[in-house]
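Here are my notes on the charged pairs. Please read them with the model open.

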There are 2 protein chains.
Amino acid sequence: ELLELGKGVPVLPRSSLGGFSSYNGGGMNGTSTMMDFLEEPLPGVGTYEDFNTIDWVREKSRDRDRHREITSRSKESTWALIHSVSDAFSGWLLMLLIGLLAGSLAGLIDISAHWMTDLKEGVCLAGFWFNHEHCCWKSNTTFTDRDKCPEWKSWSQLILGHGEGAFAYILNYFMYVVWALLFSLLAVLLVKGFAPYACGSGIPEIKTILSGFIIRGYLGKWTLIIKTITLVLAVSSGLSLGKEGPLVHVACCCGNILCHLFTKYRKNEAKRREVLSAAAAAGVSVAFGAPIGGVLFSLEEVSYYFPLKTLWRSFFAALVAAFTLRSINPFGNSRLVLFYVEFHMPWHLLELVPFILLGIFGGLWGAFFIRSNIAWCRRRKTTKLGKYPVLEVFVVTAITAILAFPNEYTRMSTSELISELFNDCGILDSSKLCEYVNDFNSTKGDDLPDRAAGPGVYTAMWQLALALIMKVFITIFTFGMKVPSGLFIPSMLAYYHHDWAIFSGWCSQGADCITPGLYAMVGAAACLGGVTRMTVSLVVIMFELTGGLEYIVPLMAAAMTSKWVADAIGREGIYDAHIRLNGYPFLEAKEEFSHKTLAMDVMRPRRNDPPLTVITQDSMTVEDVETIINETTYSGYPVVVSRESQRLVGFVLRRDLIISVENARKKQDGIVSTSIIYFTDHSPPLPPSSPSMLKLRSILDLSPFTVTDQTPMEIVVDIFRKLGLRQCLVTHNGKLLGIITKKDVLKHIAQLANQDPDSILFN
Amino acid sequence: ELLELGKGVPVLPRSSLGGFSSYNGGGMNGTSTMMDFLEEPLPGVGTYEDFNTIDWVREKSRDRDRHREITSRSKESTWALIHSVSDAFSGWLLMLLIGLLAGSLAGLIDISAHWMTDLKEGVCLAGFWFNHEHCCWKSNTTFTDRDKCPEWKSWSQLILGHGEGAFAYILNYFMYVVWALLFSLLAVLLVKGFAPYACGSGIPEIKTILSGFIIRGYLGKWTLIIKTITLVLAVSSGLSLGKEGPLVHVACCCGNILCHLFTKYRKNEAKRREVLSAAAAAGVSVAFGAPIGGVLFSLEEVSYYFPLKTLWRSFFAALVAAFTLRSINPFGNSRLVLFYVEFHMPWHLLELVPFILLGIFGGLWGAFFIRSNIAWCRRRKTTKLGKYPVLEVFVVTAITAILAFPNEYTRMSTSELISELFNDCGILDSSKLCEYVNDFNSTKGDDLPDRAAGPGVYTAMWQLALALIMKVFITIFTFGMKVPSGLFIPSMLAYYHHDWAIFSGWCSQGADCITPGLYAMVGAAACLGGVTRMTVSLVVIMFELTGGLEYIVPLMAAAMTSKWVADAIGREGIYDAHIRLNGYPFLEAKEEFSHKTLAMDVMRPRRNDPPLTVITQDSMTVEDVETIINETTYSGYPVVVSRESQRLVGFVLRRDLIISVENARKKQDGIVSTSIIYFTDHSPPLPPSSPSMLKLRSILDLSPFTVTDQTPMEIVVDIFRKLGLRQCLVTHNGKLLGIITKKDVLKHIAQLANQDPDSILFN
């Protein structure tokens with residue numbers, strides 16, 4: 001029931017940290033008792049078990065104790081002063097390292113994925129390690145024909161010696177599918193064999209971890225290595241997934257691993273989460289080349305505890321990562337992103353109407369996508385389907401590859417496609433989308449959009465429409481498979497084509513032309529907004545991509561409409577929906593708790609349950625306590641003055657109690673089953689014949705959080721959220737009545753939302 | 001002592017809101033008791049008196065009650081549904097209005113200030129309402145000589161008929177000083193006569209107000225009108241002040257006034273503060289033309305309670321304001337700001353050294369400025385000086401004007417100067433700073449910096465150095481005077497010149513030239529960072545000004561160094577220092593509380609004081625209670641089960657008690673001095689002969705916040721900050737022991753920082 005013992009419990013109460021006696025003095029005289037603070041009092045103490053929630057208040061207290069200790073020591077010697085200064089700067093050093101590592105890995109991933117995507121179509125004779133573009137740079141062909149150069153051989157050219165005819169086409173087709181299958185199977189097998197946590201986008205789990213949950217190994221070195229490799233494989237295989245979400249996961253892995261270099265962060269779960277928030281910002285920063293957007297994404301979407309100090313450090317990490325990526329220059333154009341665009345056409349106020357329509361469409365698509373994807377994932381979870389992840393990946397890859405090859409726009413990699421769509425046509429552009437009738441005599445060269453559309457534009461149009469439909473459906477099945485998969489790019493892409501089809505015809509006739517790239521951008525933002533429900537960070541990311549304040553208004557109109565429409569259909573974004581699907585104990589900070597229930601409606605024990613199991617402060621024997629420990633599974637017990645008065649003294653955790661009693665039985669003389677355990681400062685008056693007593697005040701948390709039974713749940717939820725509590729005791733007129741844990745709160749919220757309260761799985 | 005009755009108290013306990021019975025049901029059945037919710041139960045209820053702190057928990061509870069009421073009603077009729085929808089969108093409408101109003105006012109201020117600044121030097125014959133630049137646009141002179149056109153007459157030209165010679169110079173000088181004095185005296189008299197709150201930058205007060213303090217009239221309509229007018233006058237008078245801080249104040253006034261249009265915001269102090277946070281963002285947005293920077297400024301520097309919903313709305317308000325300003329187009333260049341710059345020269349890694357040096361200098365200057373300015377303001381506050389504000393303004397304006405006129409760089413308006421400094425030189429530039437030796441034959445035209453410096457550059461150099469020294473000293477005395485004064489621009493300016501002097505010589509010789517504008521920018525950022533201790537928002541504002549990600553790294557390096565250096569000398573930024581100077585009850589959220597004191601060290605009563613004044617739940621007579629009310633001045637009393645047990649039941653506010661008892665004495669039959677007052681659900685068993693009893697459960701707050709006496713103060717401070725409490729009760733083993741108010745916490749913090757605890761003035 002209350003505080004069920006999941007797989008383990010945290011160990012120390014708040015007041016027992018720092019040499020077990022930090023708070024028992026008169027306040028300012030604690031230095032002498034603090035000298036042994038940095039030593040661990042007992043093995044395993046201060047750590048949490050897997051799949052448990054941390055106590056933020058405790059972790060932050062520990063860090064403040066540590067900081068106080070170092071500051072007070074720094075006055076004693078020069079060495080301690082240096083230690084104090086280096087401790088203060090370790091955060092910045094850590095950010096620098098995270099930025100460098102995340103930026104380098106992102107560069108590596110970009111280069112490898114680019115090369116392997118091209119490998120599906122052919123190989124470079126000048127050196128197999130060149131991708132198509134680099135291969136043709138080496139050759140001295142003309143600018144317009146840069147896609148065709150003698151050094152680059154498609155598979156049919158390599159095998160048959162020529163690239164023409166039906167057989168060559170079929171051979172290329174076959175090779176394309178084979179490579180795709182090879183990549184994706186390798187990816188799924190690597191994930192299955194070495195790092196099961198490396199699958200999926202990772203953002204739902206990172207959100208949960210940042211809110212204070214422990215998932216051991218989720219951000220470990222194996223996950224990092226396997227995720228990096230399989231991300232390249234998955235992207236190259238042509239599956240309908242993006243690398244943006246996984247890049248956040250990769251960056252967080254970097255952050256977590258680098259935390260081990262510094263005691264300050266290694267040993268404190270709260271401090272480590274500050275670092276992870278910054279790492280998430282760095283991840284988005286390299287994914288989109290948008291450092292400010294990355295920080296806002298971390299603030300808006302991912303982080304739970306985000307003090308201003310972290311804001312500043314996140315910004316630093318995001319910048320370092322972005323500049324590392326730029327120095328690697330994976331796209332060969334000095335840009336941070338593949339699809340950097342710059343247009344300067346003004347937009348007209350009337351165009352807000354189509355932008356808002358795009359927003360509505362994006363919202364509808366977002367809501368539809370979330371529903372279908374969650375339904376599919378639930379089916380995968382509950383039916384036999386989930387037992388054959390390799391087969392599933394095989395089938396989806398095969399279908400994707402077979403459908404993708406005939407259509408030029410699905411054959412190319414997703415980021416190439418987006419880059420092509422976002423850009424305006426130049427005169428020399430070889431893309432089919434830009435195949436307007438070039439009539440240099442009648443019109444000026446810089447007046448491109450006025451030319452009539454060539455046949456290529458119409459071909460492109462229906463190809464894009466087909467691509468849109470295909471991507472929409474494939475993505476639903478792809479997101480959530482057992483390979484690393486991101487969502488950003490597919491959803492950015494998916495929507496775009498629609499508007500192209502509507503407006504491009506108009507554009508090619510009229511004089512007052514529309515910028516198709518802008519529509520692509522706005523559509524992408526609307527779509528992404530509908531799926532993720534991001535707002536400010538989305539607009540800022542897009543702003544950083546385009547670099548023009550002018551386009552913020554269209555982006556904002558679309559993102560806002562999209563969020564409203566999607567919210568009207570279903571409240572949750574894709575990440576929150578996946579968190580709920582997996583039953584993680586995540587207390588949503590955005591949603592207001594709007595019901596009128598009271599603390600007494602939520603607390604355990606319920607009305608007809610047996611009373612709360614408590615320990616008295618100075619009248620229970622060792623045997624009594626051992627009986628309670630054996631008969632209940634609660635992870636902690638309130639300590640009261642006496643059973644009759646039920647006046648609360650403090651809170652003691654199960655694991656502390658077990659360790660202390662066992663330790664005393666073994667090592668302390670005279671402790672027998674009938675020995676009295678007391679939590680008071682002085683031993684209770686007992687007849688001299690009684691056995692020696694056991695003092696356990698040191699493990700007692702003397703400042704447990706309490707609320708009255710009449711406190712509205714909205715305030716209780718607020719306290720849990722803002723202070724990061726794990727449990728809270730309930731009193732009535734000064735008497736202890738019950739307890740509320742974070743899990744109780746989550747179950748209560750689920751119940752009020754007509755969901756299954758047992759969907760919350762972990763402590 | 002505890003909860004001293006300052007100038008008034010809040011009125012209703014949390015649980016008595018919403019028809020006095022919202023929380024007494026079993027949870028979900030409260031609709032019938034809520035019907036009278038929107039009516040005010042008693043006059044004056046739910047409002048706060050001037051110079052008091054609001055209770056955030058209570059205000060947020062009230063808003064949630066309101067929201068619940070509207071939502072539950074919306075199912076009943078179509079009209080109620082429309083009301084519900086319009087209520088949901090009123091926030092967005094309000095943001096739109098704030099953006100429009102703030103943008104328009106900013107445009108008006110810019111245009112007027114520009115015109116009046118030029119009026120000091122001369123007048124346009126083509127129409128006196130044209131400023132110098134517009135006047136000469138009308139005329140068809142050549143581009144290089146656009147400053148001199150026949151329509152624009154300096155005062156000497158107008159009066160003497162010519163502008164040459166010593167007498168003309170003296171006449172111009174005289175007119176310049178006279179106009180300056182006229183403007184500034186008008187400003188100070190307007191402020192003194194109509195709106196004393198319109199003086200100063202306003203940001204310290206807005207920070208305090210946003211943290212939950214009440215200053216009536218500070219954001220009222222008179223303040224708005226007078227501040228707008230006097231800001232124009234003060235800027236035009238040539239005083240060393242900027243319009244950025246005051247623009248934030250103006251925007252917040254707009255926000256506050258527009259709040260009155262919507263019940264939701266008019267009646268709820270917490271909701272209104274959300275709007276004010278957004279308005280502050282809009283203010284910075286129009287001041288710098290940086291909407292994203294404005295939002296981050298509001299988040300980082302000004303706001304206290306900033307939920308994500310507000311982030312999104314602030315962004316909207318900031319954008320609307322920026323675009324309104326752009327449509328007004330006060331600078332005639334389609335830019336949002338006067339000093340928009342765009343340079344594309346790359347910077348070298350080695351240049352980081354001077355950037356960091358700039359940061360150090362900026363930090364030193366910031367710390368020096370804060371110290372001197374605070375010392376001067378304290379002197380003004382404590383000595384006779386403060387009694388002659390008009391004289392002070394007269395003297396400072398006279399000195400500023402007399403010193404400013406001879407130097408070309410101090411004579412022009414501050415924003416013109418900055419714009420000139422930030423920009424790179426073009427070939428056709430007529431500025432003296434760009435007077436390089438033009439040798440079109442030997443060098444290429446686009447290779448400007450390689451040319452040798454002409455004599456004008458050296459003249460400019462020492463003029464700038466003089467201007468720097470003068471501005472530095474004058475600004476110290478100007479900031480804090482009884483006229484609207486902003487700090488941003490002077491401090492942005494002040495630092496710049498220094499580096500110019502160092503590097504410009506180097507630049508004019510060498511081949512690998514440096515962008516002087518970039519150094520100006522970085523210097524300005526460093527300086528502003530040192531004074532205000534802004535970080536992310538500062539860098540983002542500068543980024544939005546330059547529009548190039550490339551320059552973020554130099555800006556960041558300088559801002560970071562500057563903050564570190566300044567923090568090492570003095571912890572507080574200028575705004576926090578002014579908050580402390582004025583004794584506002586502001587609980588700093590950035591600073592960690594790092595002492596080891598416990599709740600029992602801070603609570604009242606202290607060790608040797610008489611015990612806490614309490615009210616028992618069912619044994620005190622009306623007379624007893626009236627005696628307590630008359631003999632103490634506390635603004636609230638805890639209610640306990642009995643004096644002996646001291647078990648806490650709830651908390652009752654003084655004003656409620658007075659109103660209820662008086663009301664009962666007048667209107668309820670049988671209530672006499674010996675009537676028992678009870679706070680329980682059922683009346684206590686008493687002999688039938690006793691007089692009728694008075695039930696006051698409805699005014700009892702049944703969920704007061706409690707902590708144990710052993711709770712570390714760091715946790716107590718955290719609770720006060722995060723939940724926005726006004727007071728908190730202290731218990732020991734379930735017995736009530738004492739009380740801690742926000743003022744107690746602030747006094748304790750001041751004491752630990754070796755400051756005078758009585759410097760905290762208000763409740």
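Which side chain meets that of A:Glu392 in a salt bridge?

1. The partner is A:Arg380, with an N to O distance of 2.8 Å. Bear in mind that this is a predicted model. A:Glu392 belongs to helix H14 of chain A, residues 389–404. A:Arg380 belongs to helix H13 of chain A, residues 352–382. The pair therefore ties together parts that lie 12 residues apart in sequence. Both A:Glu392 and A:Arg380 are buried.

2. A second pair in chain A joins the side chains of A:Asp601 and A:Arg607. This salt bridge spans 3.9 Å, N to O, against a cut-off of 4 Å. Is A:Asp601 buried or exposed? Its relative accessibility is 18%, so A:Asp601 counts as buried; the limit for that class is under 20%. A:Arg607 has 70% relative accessibility and therefore counts as exposed, since that class begins over 50%.

3. Salt bridges with shared partners also build a network. Its members are A:Arg64, A:Asp65, A:Arg68 and B:Glu714. Please check this group in the view, with residues of both chain A and chain B on display.

4. In chain B, look at B:Arg58 and B:Glu59. Their side chains form a salt bridge at 3.7 Å, N to O. Both B:Arg58 and B:Glu59 are buried.

5. How many salt bridges does a search of the whole structure find? The count over all chains is 46. The pairs discussed above are among them.

Notes
Residues are numbered from 1 along each chain as its sequence is written. Chains are lettered from A and ligands numbered from 1 in the order in which they are written. This is a predicted model: local features need pLDDT of at least 70, side-chain atom pairs count only at pLDDT 80 or more; totals for chains, interfaces and linings use all residues. Side-chain values use heavy atoms; hydrogens and water are left out. Helices (H or I, at least four residues) and strands (E, at least two) are DSSP runs, numbered from the N terminus. Buried means under 20% relative accessible area, exposed over 50%, partly exposed in between (1.4 Å probe, protein chains only).
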